[in-house]
Amino acid sequence: MALRLLVTRPQPQADAWVARLRAHGIDAVALPLLAIDAVVDLSELHAAWHELPRYALVMFVSPNAVSHFFAARPTEIAARGWPPATRAGATGPGTLQALHMAGVPAALCVAPPAEATQFDSAGLWAQLRGESWNGREVLVLRGNGGRDEFAALLRSAGAAVHFTQAYERSAARPGEVERALLDDA
């Protein structure tokens, strides 16, 4: 019996992973276990855009954080571009690519290197921990909830950390095809 790999990442990342895996001859199919939706009230995201220049770093936890943050950019700010003194932190290559596609200059992006052994907030912290964070402000863009290890590390280094919800996570809403995949699994 042939093995099939179920990719449980949320969309659209699940389809991208499936395409890459299939290109390597792996039987893969998307079965997202989380749904990602826009937040209903955009006021916090709009406020974050207006306050962006005050932050030394804006950390994006995922490509979804990037896409939803940039989708909520107020039109009066769009022409200004990314603030030149604000770095954008990415947890891995997918988030970094999303930042580049959104127009954040590569020189202002910080992420674990491509050869890193882990792509997460710990990998990002390894790139930042040698800097002085005392008195600097950091914004973390994430979904509802989330882990706080990265914020704890920054706070222990003297930074003030703020959170803004960029998107809403919820349980997947499987259709007929997804329910059949779950039954088969």
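## Charges over rings

The charged end of Arg142 is placed over the ring of Phe163, at 3.9 Å from the centre of that ring. This arrangement, like everything else described here, is read from a predicted model. A second case involves Arg20, which lies over the face of Trp17 at 4.4 Å from the ring centre.

## Aromatic pairs

A pair of aromatic rings is described by the distance of the centres and the angle of the planes. The count of aromatic pairs in this model comes to nine. One of them joins Trp49 and Phe70, whose ring centres are 5.1 Å apart and whose planes stand at 80 degrees, so the pair is edge-to-face, given that angles over 60 degrees are classed in this way.

Are the two partners buried or exposed? Trp49 has a relative accessible area of 2% and is therefore buried, while Phe70, at 13% relative accessibility, counts as buried too, because the cut-off for that class is under 20%.

## A cluster of rings

Phe70 also takes part in an aromatic pair with Phe69, which is edge-to-face, with 5.9 Å from centre to centre and 90 degrees between the planes. Both Phe69 and Phe70 are buried.

Which residues do the ring pairs link into a cluster? The cluster is made up of Trp49, Phe60, Phe69, Phe70 and Trp82.

Terms used:
Residues are numbered from 1 along each chain as its sequence is written. This is a predicted model: local features need pLDDT of at least 70, side-chain atom pairs count only at pLDDT 80 or more; totals for chains, interfaces and linings use all residues. Side-chain values use heavy atoms; hydrogens and water are left out. Rings of Phe, Tyr and Trp (its six-membered ring) pair if their centres lie within 6.5 Å; planes under 30 degrees apart count as stacked, over 60 as edge-to-face and the rest as tilted. Buried means under 20% relative accessible area, exposed over 50%, partly exposed in between (1.4 Å probe, protein chains only). A charge sits over a ring if NZ of Lys or CZ of Arg is within 6 Å of the ring centre and within 35 degrees of the ring normal.
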